[in-house]
Each structure stands twice: as C-alpha cells, then as structure tokens.
Amino acid sequence: MDFEGRMRVVIENIDPEIDQGRYSIKRTVGELVSVKADIYADGHDLITAVLLYRHSLHQDWQEVPMQLTANDRWRAEFKVKKTGVYLYTIKAWVDHFRTWQQDLKEKYKAGHPVQVELKIGAELIEKTACRAQGPDHEVLKQWAGALKRGDDPETQVEAALSSELSGLMQRHPPKKWVSVYDKELSVEVERPQALFSAWYEFFPRSFGQKPGQHGTFKTSQKLLPYIAEMGFDVVYLPPIHPIGQTHRKGKNNQPQPQPNDPGSPWAIGSQQGGHKSIHPQLGTLSDFQEFVQKAAQHDLEVALDLAFQCSPDHPYVKEHPEWFLWRPDGSIQHAENPPKKYEDIIPLNIGTDDGQALWEELKSVVLFWVEKGIRLFRVDNPHTKPFAFWEWLIREVKKEHPDVLFLSEAFTRPKVMYRLAKAGFSQSYTYFTWRNSKHELQEYLRELTQTQIRQYFRPHFWPNTPDILPQFLQHGGRPAFLSRLVLAATLSSNYGIYGPAFELLVSEAVPKKEEYLNSEKYEIKNWDLSAPENIKGVITRVNQIRRKNPALQTTWNVSFLEADNDQLLCFSKTTPDLSNIVLVVVNLDPFHTQSGWVKVPVEDLKIDPHHPYLVHDLLSGDKYFWQGSRNYVELNPGVMPAHIFKLHRKVRREQDFDYFM
C-alpha cells in the first residue's frame with residue numbers, strides 16, 4: 001500500500017502564480033518565464049527539482065533543471081516561442097543517488113572505509129538501470145558492476161563521483177515518491193506588439209479635402225505617410241460607425257447642437273446601422289479596407305475603438321429592447337457619471353436576462369472586424385461591464401485568433417484595472433497621465449514593474465487623450481509636452497499620443513477641467529501640420545531611438561538612479577547582456593533650468609571606474625566623456641528638457657567618436 005509519507009518533498013510559494021492559479025501570467029513571443037518556488041524536505045537528503053512546461057497544443061512536457069539559490073528557494077526559466085497558452089508546473093524528489101555521492105565524498109575525504117558505501121551506490125545504480133531503456137540500461141549495469149567488483153577504492157570513488165555517471169542517473173529519475181505541484185499554471189503568450197508599440201490616434205473626419213469638410217477614409221489616407229515618418233506603428237481610430245441624431249451633442253458637449261454638428265463618434269448607431277456598419281460620411285466598408293491596406297504599406301497597423309454602447313437610435317434599441325435598462329417612466333437609461341450626463345449614449349445591460357444572445361452578438365461584432373483584418377482593439381470603458389463577460393469574450397476570440405490584442409481604456413480604481421488585465425486584456429491605460437513628481441513616477445513604476453502586477457498588467461502610457469488634457473500640459477508649454485513624450489516613450493515600451501493635438505502643443509482647456517476646449521470629440525478640426533510649433537521632429541527622433549535600442553523595447557527593466565535634485569528624474573534601461581545601455585535624465589520642471597549630480601551604477605554596468613566612458617545623447621547628438629559613478633547634468637527646458645544617453649563601456653581614443661555611432 002502506497003502512503004504519502006514517502007513523498008517527502010514540499011513544493012510551495014510558486015512565483016509567478018496569480019490568484020492560486022486562476023489567471024494566466026502574460027508574456028510575448030521570445031520572452032522568458034522565470035519560475036521560483038520553495039522546495040524542501042525533512043532531514044538532510046539532497047533534492048532534485050525540475051520545471052515542466054509545454055504549449056497547450058502539445059502533450060509532451062519539456063524539462064528544465066531547477067537551481068537552488070538560497071534558503072530552500074529554487075529557480076529555473078524557459079522561453080516561450082509561439083503565441084497561445086503555455087502550461088508549467090514543478091516536480092521534485094529526494095535524490096538518493098546525489099545524497100549518496102555527497103556522503104561518499106565526505107567519508108572518503110575523512111579516511112573512512114567506503115566498501116559498503118560503494119555497494120549501496122551500486123544498488124542505487126542497478127535500480128535506475130531497471131528504469132532505463134536502450135543503451136543506457138547496459139551502461140548503467142556496467143557502472144554498477146564496476147563499483148561492486150573493483151578493488152581500488154580511489155578509482156571507484158572517482159568513477160562514482162564522475163559527471164558522466166551523474167548525467168546518466170539524472171536522465172532516469174524515479175517514477176515513485178515524486179512530488180508534483182498540484183496545479184498546472186498558465187502563460188498567455190501574445191505577439192511581440194503586445195509588449196512594444198507606438199500608437200497614434202486621430203479622427204479621420206478632420207482630414208477632408210478642404211477645411212471644415214467632413215473627411216473620409218480616402219482623404220485621410222494622406223495622413224498615413226506623416227504618421228509613419230514619425231515612427232509610429234499603430235494608427236488608432238475612434239469609433240467609425242454611424243452616429244445617432246437623438247440627443248446629439250454640439251460643440252463643447254453642448255446639449256443643443258447646430259444642424260451641421262457631427263456629434264460624438266462614441267454615440268454609436270443610427271438608421272444607417274450599428275457596430276458592424278461604417279459612418280456614411282467616412283465612406284464604405286470597401287473604403288475602410290483600402291485604408292487598412294494603405295496603412296499596411298506604410299508598416300502601420302490599424303486599431304479600432306470597441307465601444308459597447310449605443311445611441312438611442314441604434315437598431316438594437318428597437319430590435320432588442322430587453323438589452324437595455326428602462327426607467328419606471330418608460331424612458332431608457334442613458335449613460336451617467338454624476339455629475340456628468342451623456343444623454344446621447346445609452347449603455348448595454350450586459351447582465352440582462354437575455355444575456356447569452358447579447359454576449360454572442362457582441363462577440364460577433366469583434367469577429368466581424370477581425371474578419372476584415374483588424375487585430376487591435378482599444379476597448380472603451382471596459383470597467384463598466386462584468387469581468388466575466390470580458391474573460392469569456394477575449395477567451396472566445398483568442399481561441400481562433402490568438403494574434404488579436406485588446407487594450408483596456410479603464411481609468412478607474414487600481415484593483416478594477418488589474419482585474420481586467422487578469423481577465424485577458426493585453427495592455428492597459430494607466431495613471432501615468434497624472435504622475436508628475438519624481439516620487440510619484442518612481443513609486444508608480446516600482447508598483448508596475450517590481451511587484452506581481454508585472455506578471456499580468458502591461459502598462460500603456462498616454463500623455464494625452466481626446467478626453468484628457470492634463471494640467472501639466474495645459475500650463476507647461478513646449479517643455480511639458482517634450483518631457484512627457486520622453487517619459488512615456490522610455491519608461492514604458494507601449495505608449496501613444498492623441499494627435500495632432502499633441503504634436504501641435506494644443507493646451508487650451510475648459511476652465512477648471514482637464515478637457516480640451518473645442519474638443520475634437522464634438523466638431524471637425526482643421527489641423528495645420530506645417531505649423532512651426534509642431535514637435536514632430538522630436539517625436540520622430542524619440543521613436544527612432546526606441547527602435548534602435550533594444551533596452552527600450554521592454555518595460556520591465558526600469559532601474560531608477562540617484563540624482564541630488566528632486567526635479568531630475570534619472571533611470572537606466574539595459575539588455576540582460578549589457579550590450580545596450582540607455583540612461584535617461586528628464587527635467588520635471590518645465591519652467592526652469594535644473595542641474596545636479598547623477599550616480600551611475602558603474603559596478604552593475606561593468607564599467608571600469610578608473611577609466612572614462614562615452615555617453616552619447618541620442619536626442620541632441622552631443623557626446624561626453626564621463627568617469628566614475630558621479631557625473632554632472634544640466635537641462636534647460638527651453639532647449640530640451642531631457643537626455644537620452646547611450647552608454648559605451650569601451651572607449652578607444654577621443655578621435656574615434658565615429659566608432660560609437
């Protein structure tokens with residue numbers, strides 16, 4: 001009769017493990033999964049532990065030996081190579097052979113007789129030979145015989161401790177009394193764009209053939225080269241569907257529109273159709289698909305806004321009134337966020353008694369656009385829908401289309417934002433927009449990158465959105481826009497801007513609010529992209545720097561450095577092999593020159609503190625020789641409020657500057 005007392009190894013405190021294994025951790029193709037666990041047993045016997053992993057489409061497990069670090073903490077890692085779901089777990093056992101080897105070595109060194117110990121080892125090898133197949137079976141039997149029959153203890157001990165024998169024994173671990181962790185944990189692996197991307201949002205209707213004329217997909221194609229030249233890889237469009245007439249909002253969100261006011265694109269649905277239709281003034285479905293194709297020719301991917309809400313004119317209202325909330329007076333419940341009212345929008349009641357039909361319909365909306373070639377969705381206000389709905393929807397879509405990515409636009413309570421990420425969202429908007437001080441930025445990035453949150457929440461940094469014009473941008477002028485650009489693009493590997501408002505430094509706000517005055521949400525704008533204040537040159541340079549420096553293509557490697565001025569934020573990013581070292585210094589004060597001494601961790605970066613090293617400012621092109629850990633910086637925000645330095649650890653001669661380009 002088997003009994004659990006012989007399964008002596010304990011496996012616990014696995015990291016990463018999200019909510020007792022209920023949710024997946026996230027990775028992109030090519031990333032590592034580093035797994036740690038407490039593994040121990042009673043007594044003093046040695047333990048062997050292996051990390052098991054496999055893609056969910058495969059049956060066979062791959063094994064990686066785990067290494068003991070300290071205090072019974074073990075670790076191992078594996079690389080994910082394709083999209084989909086990977087599974088991982090741990091098994092471990094008391095390794096009687098390694099324990100025997102250790103005891104044999106100590107006894108022999110102490111001069112004790114080892115004949116009996118050698119026979120014990122031979123028996124262990126024979127038992128393993130019984131499990132072995134093929135050539136290993138005979139070879140192990142020969143090793144056992146050599147330990148039994150030999151008469152030269154020194155030679156026998158040397159053989160018993162050989163790496164060749166150890167490797168043979170490790171290839172055939174025991175099949176009984178092996179402890180296996182009681183869960184198979186999962187990794188959701190997505191394409192690399194989930195980790196590294198630069199988004200540009202614009203309203204196609206603002207790019208007509210002439211000022212004030214409603215733009216179309218065809219006329220807005222002229223903006224694609226401009227976006228591509230700046231180095232963005234994603235074009236994000238607000239909702240492209242028919243806009244309702246009932247309670248349509250006028251300029252500046254006024255409840256009484258003028259006849260030609262276009263309304264908010266987020267008031268989706270009219271007699272022309274709903275979520276599977278194109279707003280007639282933008283063009284046809286064929287025009288949209290041509291726009292997507294033209295974008296691809298510029299290496300741009302199109303992201304669509306997914307807003308599961310309706311105008312009162314949406315066909316759903318007449319066809320499925322049970323999908324909405326109705327008030328006692330017979331009126332339909334419109335969207336509210338007191339004191340704000342959105343009379344032009346009515347929310348869907350995801351929890352309706354007819355939930356299965358509604359959920360299936362909303363899934364069909366996503367699949368409709370997936371079939372049209374869309375693989376990126378920015379989801380509007382997902383925190384106003386049940387977590388279970390998103391978990392179901394994203395899982396259902398990814399079953400057939402694992403390359404589809406979902407960006408969560410949920411500016412809400414942190415725990416709600418994190419739960420949405422657990423439910424399956426690939427990326428998430430963040431509080432970066434309102435983190436301005438050195439302390440705020442450091443603490444927030446540590447939360448995002450140095451806690452368990454990093455395992456499932458991929459931050460996406462936006463300095464502005466059509467809904468949000470932060471006070472820092474309202475009052476800080478050009479330096480504020482430049483500093484927030486550099487922070488967003490270098491702290492996070494995913495970032496985006498709402499343009500052309502951002503690059504044209506638009507800062508006029510509704511008094512006492514963080515909202516754009518004359519917001520593009522409610523009117524057609526006339527953007528002058530040739531305006532002299534356009535900072536597209538700096539944006540282009542920043543995006544080029546991101547593409548050329550692998551250290552900036554992940555968020556997880558942020559390391560803050562000491563600077564003796566609280567207005568200077570300094571951090572480094574490096575590749576694991578230190579082949580790419582980037583150091584960023586940003587002046588957080590948009591009004592005054594700030595200077596100070598920055599401490600570079602030369603030992604961690606393997607820089608000789610006694611010799612100079614080259615730092616190349618990739619923004620300005622300037623080069624400097626630094627030496628040691630303490631170096632001086634000065635940033636005039638009127639010129640450029642940031643440095644993005646590339647550090648070179650080896651310096652030849654001053655005249656060899658071209659060598660470092």
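Which residues point one way from strand 19, and which point the other way? Leu405, Leu407 and Glu409 point to one side of strand 19, Phe406 and Ser408 point to the other, and all are buried, where buried means under 20% relative accessible area, exposed means over 50% and partly exposed lies in between, with a 1.4 Å probe and protein chains only.

## About the model

This is a predicted model, in which local features need pLDDT of at least 70 and side-chain atom pairs count only at pLDDT 80 or more, while totals for chains, interfaces and linings use all residues. Residues are numbered from 1 along each chain as its sequence is written, and side-chain values use heavy atoms, with hydrogens and water left out. Helices (H or I, at least four residues) and strands (E, at least two) are DSSP runs that are numbered from the N terminus.

Strand 19 pairs in the parallel sense with strand 18 (residues 376-380) over 5 bridges, and two strands count as paired if DSSP finds at least two bridges between them. The chain crosses from strand 18 through helix 10 to strand 19, and this β-α-β crossover is right-handed, a term that applies if, with the strands pointing away from the viewer, the path from the first strand over the helix to the second runs clockwise. Leu376 stands opposite Leu405 in strand 19, and Arg378 stands opposite Leu407. Strand 20 also pairs with strand 19 in the parallel sense, over 2 bridges, and Ser428 in strand 20 is the bridge partner of Ser408.

Strand 19, helix 11 and strand 20 make a right-handed β-α-β unit. Between strand 19 (405-409) and helix 11 (414-423) there is a loop that holds Thr412. Why does Thr412 count as buried? Thr412 counts as buried because its relative accessible area is 14%. When residues up to four places away in sequence are not counted, Thr412 touches His383, Met417 and Tyr431, where contact means heavy atoms within 4.5 Å.

Helix 11 is itself mostly covered, with 7 of its 10 residues buried, namely Val416, Met417, Tyr418, Leu420, Ala421, Lys422 and Ala423. The elements that cover these buried residues include strand 2 (25-28), helix 10 (387-400), strand 19, strand 20 (427-429) and helix 12 (438-449). Just after helix 11, Gly424 takes a positive phi of about 135°.

An open sheet of 6 strands has the order 23-24-25-30-27-28, with antiparallel pairing. Its edges are formed by strand 23 (559-560) and strand 28 (623-626), each with a single partner strand, so one side of each is left without a neighbour in the sheet. Strand 25 (residues 581-587) and strand 30 (residues 642-648) run antiparallel and are joined by 5 bridges, and Lys646 in strand 30 is the bridge partner of Val582.

## Pockets and cavities

On a 1 Å grid over the protein atoms alone, a cavity is a set of points where a 1.4 Å probe fits but cannot get out, a pocket is an open set with protein on both sides within 12 Å along at least five of seven lines, and lining residues have an atom within 4 Å of a point. The largest pocket holds about 1400 Å³ of space, a volume being the space filled by probe spheres set on the points, which are joined across faces, edges and corners. Of the 48 residues that line the largest pocket, the closest to its centre are Asn337, Lys340, Tyr342, Asn381 and Asp467.

The second largest pocket holds about 1000 Å³ of space, and of the 29 residues that line this pocket, the closest to its centre are Glu31, Leu32, Arg454, Trp556 and Pro576. The structure also holds 3 cavities of 30 Å³ or more, and the largest cavity has a volume of about 90 Å³. Among the residues that line the largest cavity are Phe203, His214, Ile240 and Leu282.
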